[in-house]
Amino acid sequence: MKLSEIKQILPTLENVEFQLEDGTFVPEHFHVTEVGQINKTFIDCGGVTRTENTVNFQLWNADDYEHRLKPGKLIHIIELSETKLNIGDHEIEVEYQRGTIGKYGLTFNGKNFVLTNKTTACLAQDACGIPNPLQVVGSNSNSCTPGSGCC
């Protein structure tokens, strides 16, 4: 989800709720302690220089159980971050600590924001010798693409 998308959704909500993919909820007394932009420049294992820009939200639980972040307050925090930090309209990455700090993607299921699990991947598979998965053709799982070496 991009920053512009969350800004369109927030005014339609009564409460801001975050849910993990396993169905558990971030406690309703969470705080958004950071909104920022992360600019990552790196080299993949194939030697290609890449850049990645994300908007970062950090969620934190405190012992103030009466705290509730309302949609208008989160919009204000986002707009302040855009003004002060010149944040772009990038994908949102959420930091949230359970056993350790996790980084999550963000979607919306029509009621709640969902923290989606992120995975790692090789961006240069052709350069580091990882074979392509075999392509299965037809509905018979015993058939292989001619010349693929699977037969």
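In this predicted model, helix α2 spans residues 71–85 and contains 15 residues. From the first C-alpha to the last, α2 reaches 21 Å, close to the 21 Å expected at 1.5 Å a residue. Five of its residues are buried: Pro71, Leu74, Ile75, Ile78 and Ser81. These residues cover an arc of only 125 degrees around the axis, which puts them on the same side of α2. Gly72, Thr83 and Lys84 are exposed on the other side of the helix. The packing partners of the buried residues of α2 are α1 (3–9), β2 (30–43) and β3 (49–61). Asparagine 86 follows α2, and its phi is positive, near 55 degrees.

Three aromatic pairs were counted, with ring centres required to lie within 6.5 Å.

Phenylalanine 18 is buried, with a relative accessible area of 1%. Phenylalanine 30 is also buried, with a relative accessible area of 1%. One aromatic cluster is formed by Phe18, Phe30, Phe108 and Phe113.

A ring also takes part in a contact with a charge. The charged end of lysine 40 sits over the ring of phenylalanine 42, at 4.9 Å from the ring centre.

Methods
Residues are numbered from 1 along each chain as its sequence is written. This is a predicted model: local features need pLDDT of at least 70, side-chain atom pairs count only at pLDDT 80 or more; totals for chains, interfaces and linings use all residues. Side-chain values use heavy atoms; hydrogens and water are left out. Helices (H or I, at least four residues) and strands (E, at least two) are DSSP runs, numbered from the N terminus. The expected span of a helix is 1.5 Å times one less than its number of residues. Buried means under 20% relative accessible area, exposed over 50%, partly exposed in between (1.4 Å probe, protein chains only). The arc is that of the directions from the helix axis to the C-beta atoms. Contact means heavy atoms within 4.5 Å. Rings of Phe, Tyr and Trp (its six-membered ring) pair if their centres lie within 6.5 Å; planes under 30 degrees apart count as stacked, over 60 as edge-to-face and the rest as tilted. A charge sits over a ring if NZ of Lys or CZ of Arg is within 6 Å of the ring centre and within 35 degrees of the ring normal.
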